[in-house]
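Let's take a walk through a protein and look at how its side chains pair up. Keep the 3D view open and find each residue as we come to it.

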Amino acid sequence: MESANARRWENMMAWLDSLGVATSDLPVECRRTPASGNGLFSRRSCRPGSLLFSIPAKVMMNMMTLKPYYPPQTVKSLSAMQLISMHLLIWRPEGDDDSKDVLFGPYISTLPREFSSHPLTWIVWSKYLGRPCTGGEDISLQWLPPSISTELQRLYSRFLDDWCKVHSCMMQSPVSLDGMHRLAGIDQTELVMDFLWAWLNVNTRCIFYRLKSSKSDPNNLTMCPVLDFANHSPDKSNMHPSPNNADIWNFAPIPSIGEGLRFFSKDDVTIEENNEILLKYGCHSNKTLFVEYGFVNEIHDAAVGIDGEVDVRDVVEKCFTDPHRSHVVKDVLEKEGYWGDWVIFSTPEYARPSWRLTTALRLYNLMSGKDDIEESDIQIWRDVTLGKRERVSESNERSCRESILHICEVVMNRAQRRLDGLVTCSQVQQSIRTLWMEELLVAQAVKDSMCRGDGF
Ligand SMILES: C[S@@+](CC[C@H](N)C(=O)[O-])C[C@H]1O[C@@H](n2cnc3c(N)ncnc32)[C@H](O)[C@@H]1O
């Protein structure tokens with residue numbers, strides 16, 4: 001590990017020790033990985049189901065541990081995401097220095113110092129600075145598949161909403177922390193860039209942590225030292241958190257900051273010395289991984305078929321060429337809850353359009369050649385959606401199959417063109433290639449399935 005990283009890790013260990021967390025015998029440590037930044041590695045062999053490390057509640061950064069240090073109206077008006085991001089904004093380390101936060105400084109100092117390879121950075125740079133991101137990848141946002149761009153715009157809106165909220169909150173009820181002096185001297189654009197750094201740290205590192213009485217409360221999240229060095233693997237994860245009482249009994253934790261978290265090796269896995277400790281962040285698509293975390297799962301063996309999906313909404317909307325028919329179809333689909341979220345997907349076992357996509361195409365094709373749609377026709381279509389009948393008609397099914405084939409052709413052609421154009425390959429470009437490759441392979445698999453006459 002580079003010396004700065006090693007020193008920051010050691011400082012965090014000393015800080016944890018000072019707060020009563022025994023770290024001298026910790027079986028894990030931070031090391032540099034070839035392609036995933038820092039990672040967590042085992043210092044010795046760990047038996048299946050053994051405790052790897054415990055993180056007490058008081059060293060986690062979340063709404064409850066930050067609450068005592070901010071005015072009540074600030075805490076009340078901000079979400080957990082916003083409050084933690086604001087705290088990081090205030091205490092962002094300057095240059096290569098350590099964070100001056102007396103509460104969480106040694107932890108904050110271990111966080112990544114920049115996010116130039118994260119796609120949200122490219123969008124914020126282009127909007128605020130009017131130029132591509134430097135010091136990282138000169139990647140044009142135009143290279144991204146359309147559904148990724150749409151999702152990235154949504155992330156950008158979330159980021160902007162949080163920034164507006166934090167900014168107005170800091171204006172209305174100024175926080176009297178020493179760290180505010182640093183912010184007073186910087187301009188607005190720099191401030192947004194600092195908030196971007198803070199927000200991306202929270203968004204890429206926060207985990208679910210029960211703090212509220214409702215399980216689905218969005219404020220049930222925390223930053224967790226040590227754990228947040230763990231990288232993701234979809235199929236080789238060897239660690240899991242153990243549920244605590246609040247999770248098991250489904251109530252807000254006592255005490256209010258929670259009981260902390262304990263992490264175990266999986267019951268069927270022996271972790272050998274020097275193995276990387278990996279978590280599964282969730283069953284996320286590559287679209288989500290790329291937009292939220294800035295990386296993708298590699299495609300390992302395309303020959304056996306891939307687990308993948310392609311959001312084809314933009315292609316479908318372009319297929320809806322007849323403006324009158326499209327308008328009526330959109331109306332019905334919106335009313336019945338079937339507008340958008342249309343994907344084709346594949347697994348090694350099968351490939352097909354999603355039910356929502358098939359449902360939309362059935363309705364569109366039902367209207368083929370008609371100026372208007374009869375309620376009785378809609379009822380037939382509705383009966384299919386409700387499982388009361390299998391199909392609208394044989395010819396409607398054939399037209400849908402043709403529409404799906406057309407969608408696959410469009411997706412394959414544009415993916416191939418993009419892949420031909422993306423020749424130089426940095427790590428970021430490799431991720432973008434993987435996104436296009438997934439589009440190509442999934443569309444090919446769905447096309448093959450349609451040509452074979454498989455049901456959908
Ligand atoms: C919780 S942090 C993990 C620690 C992080 N690697 C670091 O250097 O601090 C999550 C971030 O790690 C990186 N990451 C995690 N798993 C990865 C993987 N399988 N491949 C590439 N990058 C990964 C991504 O940048 C992601 O946003």
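Before we start, one term: a residue is called buried when its relative accessible area is under 20%, exposed when that area is over 50%, and partly exposed in between. Also keep in mind that this is a predicted model.

Take lysine 287 to begin with. Its relative accessibility is 16%, so lysine 287 counts as buried. Aspartate 311, at 15%, counts as buried too. Side chains of opposite charge can pair when their charged atoms come close. Here, lysine 287 and aspartate 311 meet in a salt bridge, at 3.1 Å from N to O. The pair links distant parts of the chain, with lysine 287 in helix H11 (residues 286-293) and aspartate 311 in strand E11 (residues 308-311), 24 residues apart.

How many salt bridges does the structure hold? There are 23 salt bridges in it. Another one joins aspartate 98 to arginine 8, with the closest N and O atoms 4.0 Å apart. Aspartate 98 sits in the loop between helix H4 (80-90) and helix H5 (105-108), while arginine 8 is in helix H1 (residues 3-18), so this bridge ties together parts that are 90 residues apart in sequence. Arginine 8 is buried, with a relative accessible area of 6%, whereas aspartate 98 is partly exposed at 27%.

Now look at aspartate 235 and lysine 236, which form a salt bridge whose closest N and O atoms are 4.0 Å apart. Are these two buried or exposed? Aspartate 235 is exposed, with a relative accessible area of 56%, and lysine 236 counts as exposed at 52%.

On to the rings. A pair of aromatic rings is described by the distance of the centres and the angle of the planes. The count of aromatic pairs comes to 17. In one of them, tyrosine 293 and phenylalanine 295 have ring centres 6.2 Å apart and planes at 55°, so the pair is tilted. Tyrosine 293 is partly exposed at 21%, and phenylalanine 295 counts as partly exposed at 25%. Phenylalanine 345 and tyrosine 350 make an edge-to-face pair, 6.3 Å centre to centre with 80° between the planes.

Rings can also gather in groups: Tyr156, Phe159, Trp163, Phe195 and Trp199 form one aromatic cluster. Finally, look for arginines over ring faces. Arginine 325 lies over the face of tyrosine 364, 4.0 Å from the ring centre, and arginine 418 lies over the face of tryptophan 143 at 4.8 Å.

Key:
Residues numbered from 1 in each chain as written. Predicted model: local features only at pLDDT ≥ 70, side-chain atom pairs only at ≥ 80, totals over all residues. Heavy atoms only, no water. Phe/Tyr/Trp six-rings, centres within 6.5 Å; stacked < 30°, edge-to-face > 60°. Buried < 20%, exposed > 50% of the residue type's maximum accessible area, 1.4 Å probe, protein only. Lys NZ or Arg CZ within 6 Å of the ring centre and 35° of its normal. Salt bridge = Lys/Arg side-chain N within 4 Å of Asp/Glu carboxyl O. Helix = DSSP H or I, 4+ residues; strand = E, 2+ residues; numbered from the N terminus.
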